[in-house]
Amino acid sequence: QSRVISGKVTAQEDNTPLPGVNVIVKGTTTGAVTDSNGSYSVTIPGNDVFLVFTFIGYTAQEVAAGNRSSIDIQMASDVKALQEVVVTGYTTQNRRDITGAVSVVKPQELLATPAGNVQQQLQGRVAGVVTSGTGVPGAGAKVRVRGFGSFGNNDPLYIVDGVPTYNVNNINPQDIESMQVLKDASAASIYGARAANGVVIMTTKKGKTGAPTVSIDSYYGFQKAPKGPNMLNPTQLGQLFWESQLNAGQTPSHAQYGSGAEPRFPDYVIAGSLAGVMEGHPDTDPALYNIDYARPIHRIVRFNKEGTDQWNELFRTAPIQSHQVTANGGTEFSNYSVGLNFFDQQGLMHYTGYKRYSLRANTQFKVKNRIRLGENVQVSYNEAKGSRSGEEGGESLLLNAIRIYPFIPRNDVMGNWAGTAGAGAGTGANSYADLYRSKDDINSAMRLFGNVYAEVDIINGLTARTSFGVDYETRYGQDYEFRTYERAENIGANAYTEQNDWTRNWTWTNTLTYKKVFAEKHDITLLAGTEAVKETGRGVSGRRINFFSDDPYFRVLTRGAPVGQNNDSYGFASTLSSVFGRVDYTFNDRYIVNATLRRDGSSRFGSENRYGVFPAASVGWRISSENFMKGVPFVNDLKLRVGWGQMGNQLNVDRENAYSFYRSTPGNSSYDLGGTGNSVMMGFDMDRIGFSRTKWEAATTTNLGIDAVLFDSRLDVALDVYNRTTEGLLVRAQAAGTLGDATLPFVNLGDIRNRGIDLTLGTRGDIGGSGLKYDVVLTLAHYKNEALRVGANAKDFIQGSVLRNVEITRSEAGQPISSFRGYTIDGFYNTQEEVDAGPDQPQKGIGSWRIRDRNNDGVINADDQSYIGSPHPDLTTGLNFTLAYKGFDLSIFLYSVLGNEIYNNTKWWTDFNSFQGNRSVRMLEQSWRAGADNSKAVLPILNATDTYSNSIANTYMVESGSYLRARTMQLGYNFPKTLISRLGMSNLRLYVQGQNIFTITNYTGVDPDVSSQSQITGQETGMGIDMGWYPNPKQFLLGLNLSF
Amino acid sequence: CKESFLEEPPRGTFSESVLKNRAGIDGLLIGSYSLLDGVGGPSGNWEAAGSNWVFGNVTSDDAYKGTDAGDQIEINPIERYEALPTNGYFNFKWRHQYDGVSRANDVLRLLPEAKDIPEAEQLQITAEARFLRGYYHFDAKRMWNKVPYIDENTVKFTDFTTANVPNNTDIWPQIEEDIKFAYDNLPETQLQVGRVNKWAAGAYLGKVYMYQRKFAEAKQIFDNVIANGKTSGGKKYALNPQYHDNFRVTGNNSAESVFAAQTSVNDGSNGTNANWGDILNFTYGGGPGGCCGFHQPSQNLVNAHKTDATGLPMLDTFNQADVKSDQGVLATQTFEPYQGSLDPRLDWSVGRRGIPHLDWGNHPGASWIRDQVYAGPYSPKKNHYYQSDLGKNTDGSSWTSGLTNININLMRFADVLLMAAEAEVEAGSLEQARAYVNLIRERAKNPEGFVKKADGTPAANYVINTYTAPWADQETARKAVRFERRLELAMEGHRFFDLVRWGIAAETINAYLAKEKTLRQYLIGATFTAGVDEYFPIPEQQIVLSTVNGQPTLQQNPGY
């Protein structure tokens, strides 16, 4: 007859009680869970039963009840098990049973790199994931999983608590409890049409049963800009002008430097409208000074003979801080986790910065044992100050600071802005002035992100779950442009733009999961589900000009002039409807089979190809469980994995791809037929041609992997070899210009292949039992990218970046995407004989570059171009090294990228007769020079009329992009528990940290971490070019972790 | 899930069926007109500028690229006759012209399906659309010579390869046919002045004949246009009293304006309907526009404005000595302008130091020039607006102040008269030719129309007179007419095409280069190759895109 049996469960290694252990009467559904003291009591039907004790991370035990009334158990931790349960596609799996390519990232690894978002923290942490970012405060980073499978956007899909998103910029990294990166199809294919670029699964912190705990995590520190390029001072600049003009056969003359035999300094850059003015000229009289637009402008700017350090004018030492409070607790029936965070990263550039406030509240309730309800939600508000800090290219703040002449001071004689006004003072703008003027431009976003869910255990093992996720974000932007007086090219009217938009996405997911172990050996999980996703958005903006006052409080649109006002709005919607299923089967802990299937319907595709089916399967063999492996003592766990599957990518097809339509816009199709001079009649023109047969980009991956735990669990190895071939890449259809200019649809015209190896090695231990613990994790990743087909014709190519009319990158069959293309430089023409003997080359002369005549036809022309570099690295490596001794811990994280090239386009601005502006010291010192030792020369002879050298993409611009960077170095101290418990604390740790402390590289640009940045966001065919990015700062932090 | 859940049509757009009615068709026609200014099509800015300042002037002896060496570097090889087929300027221009053709074809394709348009109106719409189609083809034809002709039945949007039409047949007959249809069917006046009318179509028909050297046909039609022509607004064609009336807002759609690209400001388009194609062509660092110093007149063009004691141009000797300039003179140093005798039109076509620049005060020389050592001391002027027009006739809503609503003159009555004069010379009627030229010179010599100093006296030593004596022979007459055309239409985008049309491009340009390279060292080594450089290269991208079954449909021009 039935009776009660009770007892206590403790851990074998230290005899501490184990709460949460499942105690089941074998063969029944009767059971109990140990309490916080490890105690349990359970009713058994009679003596002839077994009790089964199971607990994650411990070896399960079966004990016969017999006639005992009390059974105490010691459970041994399961050393060979990576028994962690991880969240993968719509379900959870034991980590040891995973057969796909899945990398698990520990949150503490992420948090070791303080940053505003998860993307930046991912760098170097996962083999096969390449991340690169800039120093723009709060900006995300570019994350690429296993190379590039598309010419368009290759962003991975993020699933946060089951809710899909492509934007994790404002998800608070401190809230993350677990992260998994699904890298191959067998792992990710259950996400179907959106999985091809990899899927990153994140769950946020859940409440834990027990008394409330409160923890505080804070850091505060400073960021510094790296050193800028080595530019000319005013004296050197004059030398360069004179030499360049003399070599061109001109009589040297310059509006600032005079027209004598030698350059001379004026005293003023500009006085009134006169440039290069000497002291004593009547126009330098301060009484004449005027910058009030109502009267003629009279600027007076001194010539800074010592030279202004324009780079240091741009940057400052800027604080960064983050403060997080987390409260966590719960009972058997409900739990909660609440987090509040404030993150504040001031910009390296003056008057810029990013702030975010976020609140997370996750709760879970149990109703009548079988029903669980819960929600995860984050509300965040962030604002970025300074509208222009993210710019790149010639008119960016960074390049303006590099190329503005060194003789231009920050301020004029009256303390107002100085600039490029005045003949010979160059072009561009005073970046400090621009920063100051945009200091009140705030771009803010408010986001609500999360889900509510319910789970019902229908029968034992069968669980139904429904989840409704919402991602609502509204953004607000302000941009005020000042009228300028100090520039060469002034802005003639002030203007104010205000914009607001929102996106509202919802995801409704329903799943049915059945988990059961049959006959102890057959472990089965079945999953079936449906999902519907709808994204909608609208935006509106307005702009007016000619504001009466520039006062920040005056900035509302209605204060601008009614003439020339402009307004705009847009809207969009797209939907996805899916069904999916999954089978996981493990036989006797040895043979693992997994299969998934998903069918997606998407509104982005026309009726003829609206649905896609994405299958995947994988098998695993746990060799170490086989009897023949019992005699191999150094192997703790060994598993072989093979997976195959297909995934889709729909990111690169416009929502309107299937539709043909016309537009009516003032600029494109309207015309002042009536000759009024100030109004138009609205007209129409064809905007788009639709195509209803476009379908998904289909990536097929094969993955072969080995997981091993060796040498008493001291060495972990995970090795994956893969082949990912994407077929039917979406390429914008091309048609002859005779078709008209309607935007053409995306069609499936390309194939691309990525093959690679991901290797993760981890080792840990205790050096000689001394208590000095170490933990080393090395990740290595290599991929080889090759475009197999890029269009209907074999010779088709996709033109990538064209900068200032110079084509730099191309994607063509047989080459990696975004390869650099250009001319090869083979030294110089040193003598007239060499010049005469050489091929016909534009503007050829003594001291010119000798361009390689690749086809030996005696003419240097477009046919002599070839591929001269690739932005794809051969190897990316992350090395994380941690040492702990007593209360101290030291961690060093090194990141390296090897074998890629960077097209350093900043040199276009600083090393040639490009726009008037300051030049590099390199140009003065390393240009070919008649009669000089030219062994170090890299640039052609200085010649004011050389317009050829900068008009061609060439090997001089291509540099090795390899670097090794000390991403983070951290030293921490944990205060002894005995000490802090008296203060009521359970944990107290202080740390100091440095980020990006040193970088070893031969790259001459400011920051080599631009290698996979793209010219155009989301367009991979133009990446690898340094256009003057906001560099990554060095950071120095002091941090605190405290819990009660 | 219902199937309708996956139907999400784009917001804010029109489907074709919505446009098959009177308002829709007229909207499409307006869309076809809107490319006349060279902007608003395939996302270019100034490459296809309606004024043709790059292809018509920089390529000729009239103008340099200007500005500094590094800005718009793709124009550098064009100016040096070294441009490659990959040069983006050609591709933009090509795409723009054929976008214009395509828009006109949209009108013609959908018109029969619109049931609410009376027959007479249908005819008029057809005529306007065919004129525009002919016009866009015409501009392409003189750029590249070997160009395809596209009509409303050529392209099927379900098969993009239908747009691949060979360029191996001469399309002058089709261009002629389109423009002649317009001439035969258009009304004499229009409700809106911007619409093409019978007489504008007639003038273009004459021009098309001139390009084909069909002088007799040209003469016949010019006679009719000159005798009976009027503007779409109903004004009888005439020369404006003052030369400069043609280059200011108040002269828009005047009696001299045969056909123009209408421009407008502050109309909600952020300035793109203003004269956007010429926004680079303002003074640098001050004065009108303030940016970017392009399209600087050549010394050769300035020299061409020298006159002899009788007030006639120095047809053969003009370039032997330079009109003094402030080249190499700093703005802080003093400068006295040239004292020799000059054609007064110089100072409306060219901005130069010491001469009043509209109402902006005297041109200050180097202060308004971006890089005088590189590109000389002169500024363009015809597209410049008055300071008093600032705000009213300019648009402040974009990055530059150089956005005006001065119409782009595509065909002035002066152009018609000078073409008629050419036709007369070729017909041997030299006296009629002289009469036409003298009409032009009479207007130019109106002292009311001279640039004047603040005290009301002429800004320079202007000496100009008509040809009082008959021309000795046809050759002399031809030279005089052509020279007059250069002066009258200076910097208006015609010069290069005229030189090619006359068959004297190589000799003229090489002579120009030989002297000009001593002033503009960047021209050293530049040569115009006869038989090649008369036409520009077919854009490489278009040849690649024309591939059908591995073979390009378009053929490259000889020499590229």
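**Entry 1: a four-stranded sheet**

I started in chain A with an open sheet of four strands, ordered 39-42-43-46 and paired antiparallel. Strands here are DSSP runs of E with at least two residues, helices are runs of H or I with at least four, and both are numbered from the N terminus. I count two strands as paired if DSSP finds at least two bridges between them. Strand 39 (797-799) and strand 46 (866-869) of chain A are at the edges with a single partner strand each, so one side of each has no neighbour in the sheet. On average, neighbouring strands of this sheet are turned by 50° against each other, direction ignored; the axes are lines fitted to C-alpha atoms, for helices over the stretch in contact, and angles run from 0 to 180 degrees between N-to-C directions.

Inside the sheet I looked up strand 42 (residues 809-812) and strand 43 (residues 819-822) of chain A, which run antiparallel and are joined by two bridges. Arg810(A) has Ser819(A) of strand 43 opposite it.

**Note on the model**

This is a predicted model, so I note that local features need pLDDT of at least 70 and side-chain atom pairs count only at pLDDT 80 or more, while totals for chains, interfaces and linings use all residues. Residues are numbered from 1 along each chain as its sequence is written, chains are lettered from A and ligands numbered from 1 in the order in which they are written, and side-chain values use heavy atoms, with hydrogens and water left out.

**Entry 2**

Strand 18 (residues 268-272) is joined to strand 20 of chain A by four bridges, and Gly272(A) stands opposite Arg299(A) of strand 20.

**Entry 3: cores**

Next I checked the nonpolar cores (buried Ala, Val, Leu, Ile, Met, Phe, Trp, Tyr and Cys joined through side-chain atoms within 4.5 Å). Buried means under 20% relative accessible area, exposed over 50%, and partly exposed in between, with a 1.4 Å probe and protein chains only. The largest core has 167 residues, and Leu36(B) and Phe131(B) have the most contacts inside it. Helix 5 (residues 119-144) of chain B gives the most to this core, eleven residues. A second, separate core has 66 residues, among them Val301(A) and Trp908(A).

I then listed the contacts (heavy atoms within 4.5 Å) of Phe131(B). Setting aside neighbours within four places in sequence, they include Ile179(B), Val196(B), Tyr204(B) and Phe259(B). Ring pairs also link Phe131(B) into a cluster that includes Tyr135(B), Trp172(B), Tyr204(B) and Phe259(B).

**Entry 4: rings**

Rings of Phe, Tyr and Trp (its six-membered ring) pair if their centres lie within 6.5 Å; planes under 30 degrees apart are stacked, over 60 edge-to-face, the rest tilted. I got 73 aromatic pairs over all chains. Phe614(A) and Trp696(A) make an edge-to-face pair, 5.7 Å centre to centre with 85° between the planes. Both Phe614(A) and Trp696(A) are buried.

Cys291(B) and Cys292(B) are joined by a cis peptide bond, with omega about 0°. Asn546(A), not a glycine, has a positive phi near 55° and is partly exposed at 44% relative accessible area. Met491(B), also not a glycine, has a positive phi of about 65°, and Met491(B) is buried at 9%.
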